[in-house]
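Me: I would like to learn how to read the contacts between chains in a model of this kind. Please take me through it one feature at a time.

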Amino acid sequence: LPSTDAAAVDSGAELTPLSLQLGWLIDDGIAGEAVALSKGWYEDAGIDLEIKAGGPSLDGVALVSSGASDIGQLSSSPSLMLARSQGIPVQAFAAGLQKHPYTFFSLEDNAVTEPRDLIGKTVGVQATGQVLLQAVLAANDIDPSDVTVQVVGSEITPLTTGAVDVWTGWATTASIARTLGEVDKDYFEMALWDAGVQLYPRVYYATESTLADKPETLATYLEVTSRGWEYAYANLDEAAAAVAALAPGLDTEIIAEGITIAHAYEADGSGTRVNWGTMDPDVWANQLDTWESLGLFPNAVPALDDVINTTILDDTKTTRVKISDEL
Amino acid sequence: MTAATATATAAATATAAAAAIDELRVSDVTVTFDTNRATITAIAGLSAVFPAGSFTSLLGPSGCGKSTLLRVISDLVQPTKGTVNLFGQSPHEARTTRKIGFVFQDATLLPWRNVLDNILLPLQVGGGASITDHADPHELLKLVGLEGREMAFPHELSGGMRQRVAIARALICKPKILLMDEPFGALDEITRDHLNGELLRIWQTTGTTIVFVTHSIAEAAFLSEQVILLAANPGRVQEIVTIDLPQPRELSVRDSMEFTNVAAHLRRVLEVC
Amino acid sequence: MTAATATATAAATATAAAAAIDELRVSDVTVTFDTNRATITAIAGLSAVFPAGSFTSLLGPSGCGKSTLLRVISDLVQPTKGTVNLFGQSPHEARTTRKIGFVFQDATLLPWRNVLDNILLPLQVGGGASITDHADPHELLKLVGLEGREMAFPHELSGGMRQRVAIARALICKPKILLMDEPFGALDEITRDHLNGELLRIWQTTGTTIVFVTHSIAEAAFLSEQVILLAANPGRVQEIVTIDLPQPRELSVRDSMEFTNVAAHLRRVLEVC
Amino acid sequence: MATISPVATRRPAGPAPSRKRRHGGHRFVPIAGIVVLVIVAQIVTTAFSIPVYIFPAPTDVFGALISNYPLVLTHMWPTIFEAVMGFLLGNSVAILLAVTFMYWRSAERMVMPMAIIAHTIPVVAIAPVLVIMMGSGYTSKIAVAALVCFFPTLVNMVKGLRSADRQSIELMQVLSASKTETLTNIRAYACLPFLFSALKIAAGSAFIGAIIAEWIGSQQGLGYLIIQTTYSYDTPLLYVVMLAASILSISLFSIVATAERLIVRWKPAEDS
Amino acid sequence: MATISPVATRRPAGPAPSRKRRHGGHRFVPIAGIVVLVIVAQIVTTAFSIPVYIFPAPTDVFGALISNYPLVLTHMWPTIFEAVMGFLLGNSVAILLAVTFMYWRSAERMVMPMAIIAHTIPVVAIAPVLVIMMGSGYTSKIAVAALVCFFPTLVNMVKGLRSADRQSIELMQVLSASKTETLTNIRAYACLPFLFSALKIAAGSAFIGAIIAEWIGSQQGLGYLIIQTTYSYDTPLLYVVMLAASILSISLFSIVATAERLIVRWKPAEDS
Ligand SMILES: Nc1ncnc2c1ncn2[C@@H]1O[C@H](COP(=O)(O)OP(=O)(O)OP(=O)(O)O)[C@@H](O)[C@H]1O
Ligand SMILES: Nc1ncnc2c1ncn2[C@@H]1O[C@H](COP(=O)(O)OP(=O)(O)OP(=O)(O)O)[C@@H](O)[C@H]1O
Ligand SMILES: Cc1ncc(C[n+]2csc(CCO)c2C)c(N)n1
Ligand SMILES: [Mg+2]
Ligand SMILES: [Mg+2]
């Protein structure tokens, strides 16, 4: 809980600096960090956390691997596997959600609620989402030639104008639901996870050397962040305000809605709840198999142990908070 | 009365007045130039008459407004005051009906056209293609002594050669009014005498009205029927001298007593300009 | 012998030869120009001597290579063959030691400088700032009759005015060798006579060596100690005429019999050039 | 006056009210074009009731502007700073390089291919290297803005410095002027039309560069707002941001145009 | 010869072997610059053992080129097609607009602000709209390539067409030449230095434009390869692709430069 001013100044000298390079902009994806930061919990735990924004053209892997940042958060796990396959010595040490919110959206005339509904449709994906669609088709034995792929930008317009039947995006992006809500038709969602491709979102990673050198700092970081998320789900408005404090101009309502949506993805497909940050090595192994079978590793196929490092998670098995079932 | 009506009326009046005359008439023309520092009066209330088919020289000190007057006549400069009437047409009409040929003080050749193409320019633009009664470009090249240099580009020519190309260009479409601004200034006396003779011949055979700016008193006296002597600051008519030497003139006329007298008179007037 | 040695030797020889003389000497100079179509011989094996402090006019038909010769002397054109020696210096040395003043056939004023600044240019570049013995710009402005127009920009001047600015500019730093390419071509006779007289005065008081291109036989005869008559195609010396009229000359000398004879002789020679 | 003509090339002094009137009238022409565009957009969006998330009506954009202008204003300053600094830096380097080429021609042959390479590199593709080298603060944004200004100015300056009239160059040679003197007295003036053209091009490019750079790890600036509004499908606000960027570009363009008019005073207007 | 001088402005005919030799030597200068750059890059990456995924050593890039050149070659053709078509289209439209402005001056005042707006809009932001409007085939890519070529050429052409010498314009007026005739006989020539500068700028821009457009919705082209290599962290191949793009830009630049040399023949070389 809030420390005294004197204590904060005293401990200031001993704080361990820790920089977090995001793969995306500052948004609801780091609500837990934002809360913990605003409450001074990292400082209390001896960490001086600096959050660096990424963006559409900066996923941060180069910055983390070069040492410019200590740890990173990647939007989706495949990036980490691919980076590792290219010999970049980074490993995932935690996952921000238990189920990937990447979702196929469609409107009522062309509703897609299960993978086979994709047949005959035109699917709009972002350039980086193509492989995800490819994986879904492979996982469901759908001939890729039965689906028309349309690479689109970030805009949702292709779906609302009917240029595509199916459009992909992150369900946690509350604006999608809002925008589709304005359309006269009902809309449908099919989660990537439910379509048979199980990936992790918000993957925390670091270089092998950082993982070896700073296990305590990383452990502390996960503990504090899990508390941040626990608090965020319980205090949506405050969490939204904390995020908005880091990225002025964000719509706090949208952030709060995004956090609300994310809560459903804190449990995996079976609904099982685990302590915040946990990763299941089997899920990773499956991913590796899928990516290998799709021929997506041009170089070496990385081993499971290369891709993930669970020591930090193991060290914090009990100290990381389990997110409550209720919001 | 609205502005539009005023303009229309003015134009109508001018046209009516214009239709009545068969000469080039400059009436009370004043031209001033605004500069950043001062307003310069290049010409002040200048009036002159150039009868049809006449050969008039403008003689006057540097800066007295000779070039400006030619530019007013050819519709390149609008007079601040006064009117110009070319055989019943306004300068604009005369210009757009291709009545005017102009040899500029600088040769003003197009650098990207060779000699022949520079000479042919007047036949290629401004309706020049329909001029059937034009001169033969090769004859003109011979006239100005540039046979064999048809393909040369302007930057490969000497100063005098460039001036000769400009002369040939002005002559190609046999203009009704020929304005020549020191056309022979960069030529040696032999070539100049030769071209003086040729110009007189062309003038006599075509009936062109020529306004000729020169700095050579002898040239003015030899070529002209009338010499308009201009004084400077501001440019105005000092005296108009009619030259009564017999026509057609031979070069030998310059050795005559009358010629010497005329030249001496012109010189005397010029000295006070 | 390597190319470098050859060049060095040639240069040494030239310098040795040069050191011995006190005149401007053009030796067997040939200049040819390559064009896309043909090779033009502008000057063929021309030799001439201009004694120190002399006043020489170049007279010849248009295109005979007068401008080219001045450009060779001033190191703007490299002769294809032959050498030029200016009082012991190569054209390059003479140019870079600011021995040469040049009035170009076109005025070549800098459009972004007003009259005064154009005249001051030679004092501001090429080490001109160290020239202490320069003329007074305001005196020069008066000399060429442009007092009060100091602030005018070139495009606001008449053709003759521009030429006068160029003359003033060439005179400002009192060059040892003054090359003038038809400097008075665009001036009326009165101004021309006045400037002729002034030029003679300046020449006599400063001892400048002047090479003067003109198309006026009278001007050449009046000004010069020697007139070099050039013939064209290719440019070569036709005759060198020494003018023995008494010095200092007054304008009235032009009415003398000797003057008339000299002018008539020049004219006769020119006719066959 | 009988001589009413459209070809007055040098307008003489004296009362010429029509000219002033004409000028005053033209003042509204640029706005007129935009106004027409806006009205057409409004009519089309209303008539076909195009949903706001597809193409927002001008009124929607205006509404978004009213409710968000403090936000847009806040994010404008970093972009202005980056763009203007990049504009100054990129153009200065280009001008200096072009000047260097006048002294040392081999430098041109050596540097030009690299300049083309620099011009062809998609900034976003080298984003990580940029951030590693310059961090994600202002430096990297200014560098990108400078980079996109650089090449057009270099090309135009190289041409402009060589566009001097040969006779003036010969005059300087007779005067034994040094390269520097010829440069400052002749070439500097001869190249002005090329330079100002280049600066007009750079005015817009600088803002584009800054905005693109802001997509790389930034939490402020119009570029950040564009990403933000794009991913939150806030189309009206997206248009407000692009409008703001355009207004900034037009302002810098106008400053350059005004500077040109103030500096190049010796030329008679070509009023054709 | 005694007159050995560096200021030969018009070189006369006759044997001038030194000139030819000099020219032959300069032929290697552009390559020399690149070679030096490559060597420096190799030394730096080796000396500081910079990881290949951050900045690949030239040898790594070369290795990637060797093993991937058929792939790069395949993806080069669509980009070349889009860039060249965009180059032609964008420049044509700019030239036509600039010409229109000569006839109708108000058009300039009206269109120019819109042109600046078009220049300021970040292509990546409007690319999706373009894809919606024109599909994800070649059309949208050509449109983007054209858009980025357009503005510099417009600005330079507007200036160039007005840079005609006033005396020539007056000559045309005396000849009662129409605007079109003045345009084709005077302005068209006067604007050539500006036009070729613009085309040199556009040479690189066209490829950038095509590549950026390929990022948004394409399965082929160098832009697509850039996205793919970025996504899969194949940095050496990414640099190969950028190298390919640069070589294409340099080629188009050289073609423009050669065209200029062939077309502008009447000017004496300014050899200062
Ligand atoms: N750069 C050039 N390229 C080709 N030919 C040239 C060049 N410069 C001059 N010439 C030619 O050289 C010859 C001599 O030219 P120059 O200018 O010296 O004549 P000039 O005696 O000064 O004539 P003018 O009295 O007409 O000025 C001419 O035939 C001209 O065409
Ligand atoms: N555009 C202008 N702006 C300002 N003043 C000008 C302009 N054009 C001409 N003048 C001035 O008008 C006067 C007359 O010039 P003009 O060119 O008509 O003289 P000119 O008689 O042809 O002289 P020259 O014999 O020297 O060619 C001069 O004082 C000149 O400075
Ligand atoms: C395949 C794919 N990759 C990246 C994005 C970009 N993106 C948009 S929202 C968001 C999550 C932020 O918390 C991310 C990463 C996407 N939409 N789809
Ligand atoms: Mg005049
Ligand atoms: Mg000459």
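Me: How much area do chain E and chain D bury between them?
Reply: The size of an interface is often given as the accessible area lost when the parts come together. For chain E and chain D that area is about 6,000 Å², and carbon and sulfur atoms give 69% of it.

Me: How many salt bridges are counted between chain E and chain D?
Reply: The count is two salt bridges. Lys159(E) and Glu260(D) form a salt bridge through their side chains, with N to O at 2.2 Å. Polar contacts are counted separately: 11 residue pairs between chain E and chain D, both residues at pLDDT 80 or more.

Me: Where does UniProt place the feature "transmembrane region" in chain D?
Reply: The unreviewed UniProt entry places it at residues 28–55, 75–104, 116–136, 142–158, 194–217 and 237–257 of chain D. The annotation can be set beside the predicted fold. Residues 237–257 of chain D are 100% helix and 0% strand, with end C-alpha atoms 30 Å apart. Residues 116–136 of chain D are 62% helix and 0% strand, and there the end C-alpha atoms lie 25 Å apart.

Me: Now the other pair. How many residues of chain C are in contact with chain B, and what area is buried between them?
Reply: 36 residues of chain C are in contact with 36 residues of chain B. The area buried between chain C and chain B is about 2,600 Å², with 47% from carbon and sulfur atoms.

Me: How many salt bridges are there between chain C and chain B?
Reply: The count is six salt bridges. One pair is Glu189(B) and Arg267(C), N to O at 3.3 Å. Another salt bridge is formed by the side chains of Asp106(C) and Arg162(B), N to O at 3.9 Å. Asp106(C) lies in the loop between strand 5 (100–103) and helix 4 (115–124) of chain C, and Arg162(B) is in helix 6 (residues 159–171) of chain B, so the pair joins two chains. Over all chains, the whole structure has 42 salt bridges.

Me: How many residue pairs are in polar contact across the interface of chain C and chain B, and which helix of chain C gives the most residues?
Reply: The rule finds 16 residue pairs in polar contact, both residues at pLDDT 80 or more. Helix 6 (159–171), helix 7 (189–206), helix 8 (217–223) and helix 9 (257–272) of chain C each supply at least two residues of the side that touches chain B. Helix 6 of chain C gives the most, with five residues. By class, this side of chain C has 12 nonpolar, 11 polar and 13 charged residues.

Me: How far is chain A from chain B and from chain C?
Reply: Chain A and chain B do not touch, and their nearest C-alpha atoms are 50 Å apart. No contact joins chain A and chain C either; their closest C-alpha atoms lie 49 Å apart.

Me: Last, the backbone. Which residues does a cis peptide bond join in chain B and in chain C?
Reply: Most residues other than glycine have a negative phi, and most peptide bonds are trans. In chain B a cis peptide bond joins Asn233(B) and Pro234(B), with omega about -10°. Pro234(B) is in the loop between strand 8 (226–231) and strand 9 (236–242) of chain B. In chain C a cis peptide bond joins Asn233(C) and Pro234(C), with omega about -10°. Pro234(C) lies in the loop between strand 8 (226–231) and strand 9 (236–242) of chain C.

Me: What is the phi of Phe87(C)?
Reply: Phi of Phe87(C) is near 50°, a positive value in a residue other than glycine. Phe87(C) is in the loop between strand 4 (81–86) and helix 3 (91–96) of chain C.

Technical notes
Residues numbered from 1 in each chain as written. Chains lettered and ligands numbered in written order. Predicted model: local features only at pLDDT ≥ 70, side-chain atom pairs only at ≥ 80, totals over all residues. Heavy atoms only, no water. Contact = heavy atoms within 4.5 Å. Buried area = accessible area lost by both parts, 1.4 Å probe. Salt bridge = Lys/Arg side-chain N within 4 Å of Asp/Glu carboxyl O. Polar contact = N/O pair within 3.5 Å; in protein donor to acceptor, adjacent residues only side chain to side chain. Helix = DSSP H or I, 4+ residues; strand = E, 2+ residues; numbered from the N terminus. Nonpolar A, V, L, I, M, F, W, Y, C, P; charged D, E, K, R; others polar. UniProt positions renumbered as here; feature names shortened; annotations may be inferred.
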